[in-house]
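Here's a quick walk through one protein model, written for someone who likes to know the cut-offs. Have the viewer open as you read.

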Amino acid sequence: MNLKRYLPILQWAPEYSRSQASNDLIAALIVTVMLIPQSLAYALLAGLPAQVGLYASILPLVVYALFGTSRTLSVGPVAVVSLMTAAALAPLAEAGSAEYIAGAVLIAVMSGLMLTVMGVMKLGFLANFLSHPVISGFISASGIVIAASQLKHLFGIQASGHNLLDIVGSLLGSLGSTNIPTLLVGVGALLFLFWSRRFLKPLLNKLGMAPGTAAIFTKTAPILAVVVTAILAWGLSLDESGVRLVGEVPSGLPSFSMPSLDPSLWSQLAVSALLISVVGFVESVSVGQTLAAKRRQRIDPDQELIGLGTANLSAGFSGGMPVTGGFSRSVVNFDAGAETPAAGAYAAIGIALATVFLTPAIAWLPQATLAATIIVAVVTLIDLPALFRIFRYSRTDFGAMLATIVLTLVHSVEAGIIAGVALSIGLFLYRTSRPHCAVVGRVPGTEHFRNILRHDVELCPKVTFLRVDESLYFANARFLEETVMDLVAQEPKLTDLVLVCTAINLIDASALESLEAMSERLNDAGVRLHLSEVKGPVMDRLKGTELLEHMGGRVYLSSYDAWKALTGRDGC
């Protein structure tokens, strides 16, 4: 066993320098400032006490530094996973209750176990079944649901629901009891955050600050909103005016937490934990690969499964919630100059210090401020123009994306992602079950063969070249057989059929049996079957099979070789 493969820290720690440590510490300080309000906000989104978000931002960062392969990925609570956690727990317990917290801890542990096992078994490829349109649609719809779910905190009213229809209906029914001081705090924080996102960086640049530094300070603007509104709540006693505050947060570091061992609870949360694991992994790897490419680095998706899995296990056993790599935090970490995963461990120390010393101040933080922070963060997730781009390019992918969006908005996040995955796989099977097949002819004066419907080519009435643009497997074997026999029926002078295999990477057992049956039928019709341009791995599997032993024709290295042999050098 290669220990460095499972403990990536051994790859960079021996060469860790003082300059790297200095850069990592600076990045960690900036990320810590950003992570504190995010941790609190995403705990609120998940229906959990504020300290659970802080706990999920301590030990997981340290563990990921040991097992993760991305040098700049920042692990912690994120919006979409928090929403999925809330949706999974809502039918089982009341938000914030002991049972609810136990469920969140269990989801983190189950997710950690699933991800770690998948990593050890090198199953990272399974995430590829989540197509980009499905993920894009799911994240956009989740962003809309998340933003809508936070409006109750901005207005200071009671509302519930885990899809857009229920949330909007509940909000409309409670608008009459809007708390004006809460609305002023929430809308004020919201306007400031939107303003800072758009105008603070240009303003800092005009004041002489370097563009990179200005961008980083802009990303940490939420901490200013947190500090100002907490001071206002304390100074003006806004809680007496009905403004809901975070309230008392237990100080001190998290203690060891044992997840529930109730088999019925495990079975109830299994599907949700799996979906959270896969969605979190896809989001994390996408961010990690994007940032790694900018520095000509690489990450190992299978080891990332282990890194995220162990991070979630540590979150669960320390009383936290499910975690994954966050886009905004990771970008800030990257831009701030982080060079190794040690930056995450340093940030964990900062969060731990905040958990010990800052909880009395956090208690005065208005929930409306956290809601504004969430809304501003998730607005960037909503990419509705992607619907039009996908529609123009592929109607089938658009259908999968639209179904994911609609079901996520009107039913649940779980229904949306399950439907999206099912449609993606179903559409893939449908497309590959009816592969594009083209009769090709020789481009005059060359050794190239092209589609007769697109190019002026030479043909021979007694020889037909058929190119199959897909690997052959059980789902399309019958389709190919029917296509070939229909072609033979339309060509009475045909004596030889050449199957051009340039796009065939695999022939499974079902397709092999179909090819053998097709060869026999062609022999009975007086037509010889030939193969050309068979790839090496495919040919290795075909050697020794009955197809090559009983096939009436030959296997040619190239289509041009087959053309010369079957038509004569100058053609028919």
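## Ground rules

This is a predicted model, so to speak of local features we need pLDDT of at least 70, side-chain atom pairs count only at pLDDT 80 or more, and totals for chains, interfaces and linings use all residues. Residues are numbered from 1 along each chain as its sequence is written, and side-chain values use heavy atoms, with hydrogens and water left out.

## Overall build

The protein has 27 helices and eight strands; these are DSSP runs numbered from the N terminus, with helices being H or I of at least four residues and strands E of at least two. Along the principal axes, the C-alpha atoms fill a box of roughly 95 × 60 × 60 Å. Of the 572 residues, 53% count as buried (under 20% relative accessible area; exposed is over 50%, partly exposed is in between, with a 1.4 Å probe and protein chains only).

Take contacts (heavy atoms within 4.5 Å) between residues at least 6 apart in sequence: 79% of them join residues at least 24 apart.

## Surface patches

Patches here are built from residues with over 30% relative accessible area and no salt bridge, joining like charges within 9 Å and nonpolar side chains (Val, Leu, Ile, Met, Phe, Trp, Tyr) within 5 Å. A salt bridge puts a side-chain nitrogen of Lys or Arg within 4 Å of a carboxyl oxygen of Asp or Glu.

The nonpolar patch covers about 530 Å² and is made by Phe125, Leu126, Phe129, Ile425, Phe428 and Leu429. Ile425 sits in helix H22 (residues 413-433) and is partly exposed at 32% relative accessible area. On the charged side, Glu520, Asp524, Glu546 and Glu549 gather in a negative patch. Helix H24 (509-524) and helix H26 (546-550) each give two or more residues to this negative patch. Glu546, in helix H26, is partly exposed at 49%.

## Positive phi

Most residues other than glycine have a negative phi. Lys122 lies in the loop between helix H7 (98-120) and helix H8 (132-149), partly exposed at 46%.

Glu533 also has a positive phi, about 55°. Its loop runs between strand S7 (528-532) and helix H25 (536-542), and Glu533 is partly exposed at 28%.

Key: Accessible areas come from the Shrake-Rupley method with a 1.4 Å probe; for residues, only the protein chains shown count as cover. Lys and Arg count as positive and Asp and Glu as negative; His and the chain ends are not counted. The place of a charge is taken as NZ of Lys, CZ of Arg, CG of Asp or CD of Glu.
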